[in-house]
Amino acid sequence: MDYRNLRIAILGGGNVGANVADLLIAHRGELEARVGAGLEVVGVAVRDLAAPRTPAIPAELLTTDAASLVTAADIVVELIGGIEPARTLVLSALRSGADVITANKALLATHGDELFQEAAQVGAQLHYEAAVAAAIPIIRPLRESLAGDRVRRILGIVNGSTNFILDKMDAEGWSTEEAMRVARELGYLEADPTLDVEGYDAAQKAAILASLAFHTRVPLESVHREGITGITGEVVAAAKAAGYVVKLLAIAERVGEGDLEGVVARVHPALVPRDHPLAAVHGGNNAVFVEAEFAGPLMFYGAGAGGVQTASAVLGDIVSAARRHLAGGPGVAESTSATIPILPFEAVETRYQIALEVADVPGVLAQVAGVIAGHGVSIERALQSASGGADPDPTATLVIVTHRAREAALAATVAALAGSPAVRRVASVIRVEGL
Ligand code: NAP
């Protein structure tokens, strides 16, 4: 068949880039038939021409001149990662009329605005299906399938490394250190695990999901972030005994009503009931649970990392970009029509589970309940266990789960409990989500 030829430039020949190049070349005929155009890989930009690559990339495609490559292509696939030179190359590609595909969450979370504006100005399209949850289709469902609905809330397990660690602590009873060691050995964690365990990676993804779901630009700086470093084996075991599992969640939601409605995005560990679909997300997998007003709850689940898995989402974007090139006309601009105010984290409503060490004497529960009620927070359930033995000054552990209340009120409650003479120690505080 006499196809129009579309030139595809790939920037980066690493884990994802090498797989994209390999699959595009190996399945070229099939993909071309689906698109109705020729799909020619015109080059793969890398830093080191001699570095070994798996899968291998034909040597004649490799180049270190990314800047020239991007101006000679119809579709540019950015798989370098990080901010620069990725940002400059993406802008240059858009300006030269190419559609761009990226899997780069750091770039989108920090410079998304600039890139989407540039794309809209030149009428090109920026695709990023792989940027949030790798192989899991979530961008297109939010952008297209749910475009007629109103998303109320998104709860995501979007970082496979921390999910692996928390899952092993839960299922095998491993300590944090043991789980991190194995995660590192299996390649789930980088040598410097900060991005993952401190929640930075998940926060970037939360900003992207929130912007898309609420048609509002949600800047990365507005995402509240807590990592999993405070989650000990004891916290996980206690959660398990109480029917919960600890997950690092990226949450984006509408809060308030009418004129007071706003959007809050946050990342923190939380207790999830064992019968919630997110509790069944094991190992390094990811899942995004979407609560939409008309569609109801939806769950998107699968591999949140991996070179070939991520390449699948990138190839889907390449097919979309190629079809748009053939159809002509401008790309669909990113929707920021709603401009809902971004509210501070304190505006969120959540529940706390608070574990307290208290003197094991009559009246303590009433004192603690008084402190909590004094902050307008009500208790859903309280469980007291005595220290036992012949301790002359016995300590009891009191585990309280609150009803839903404002984050600000809950945080003030914990501060007051920590200063109360009835409380010896606030042993742990963790939010409860998914109820
Ligand atoms: P990677 O293995 O580190 O590969 C990066 C590639 O970029 C390498 O081939 C490197 O060249 C090349 N590169 C770096 N600086 C360059 C420069 N200045 N000019 C030209 N090439 C340059 O990274 P990756 O795992 O494939 O990830 C790529 C992107 O996909 C990132 O944005 C990442 O966040 C995203 N992503 C990855 C996954 C995953 O599972 N890996 C999942 C979802 C999203 P050399 O090989 O010569 O050093």
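User: How much area do domain 1 and domain 2 bury between them?

Analyst: In this predicted model, domain 1 and domain 2 bury about 1,300 Å² between them, 57% of it on carbon and sulfur atoms. Buried area is the accessible area (1.4 Å probe) that two parts lose on being put together, summed over both. Residues are numbered from 1 along each chain as its sequence is written, and side-chain values use heavy atoms, with hydrogens and water left out. Local features need pLDDT of at least 70 and side-chain atom pairs count only at pLDDT 80 or more, while totals for chains, interfaces and linings use all residues.

User: Into which domains is the protein divided?

Analyst: There is domain 1 (6-135 + 308-327), domain 2 (139-302) and domain 3 (348-432). These bounds come from an automatic or database domain assignment.

User: How many residues of domain 1 and domain 2 are in contact?

Analyst: 17 residues of domain 1 are in contact with 14 residues of domain 2, where contact means heavy atoms within 4.5 Å. The C-alpha centres of these two domains lie 27 Å apart.

User: Turning to helices, at what angle do the axes of α1 and α13 cross?

Analyst: Helix α1 (residues 15-26) and helix α13 (residues 307-327) cross at roughly 60°, and their axes come within 8 Å. Helices (H or I, at least four residues) and strands (E, at least two) are DSSP runs, numbered from the N terminus. Axes are lines fitted to C-alpha atoms, for helices over the stretch in contact, and angles run from 0 to 180 degrees between N-to-C directions.

User: Which residues make that contact?

Analyst: On α1 they include Val16, Val20 and Leu23, and on α13 they include Ala311, Val314 and Ile318. The contact residues divide into nine nonpolar, four polar and no charged. Ala, Val, Leu, Ile, Met, Phe, Trp, Tyr, Cys and Pro count as nonpolar, Asp, Glu, Lys and Arg as charged, and the others, Gly among them, as polar.

User: Is phi of alanine 134 positive or negative?

Analyst: Phi of alanine 134 is positive, near 50°. Alanine 134 is placed in the loop between α6 (130-133) and α7 (139-145).
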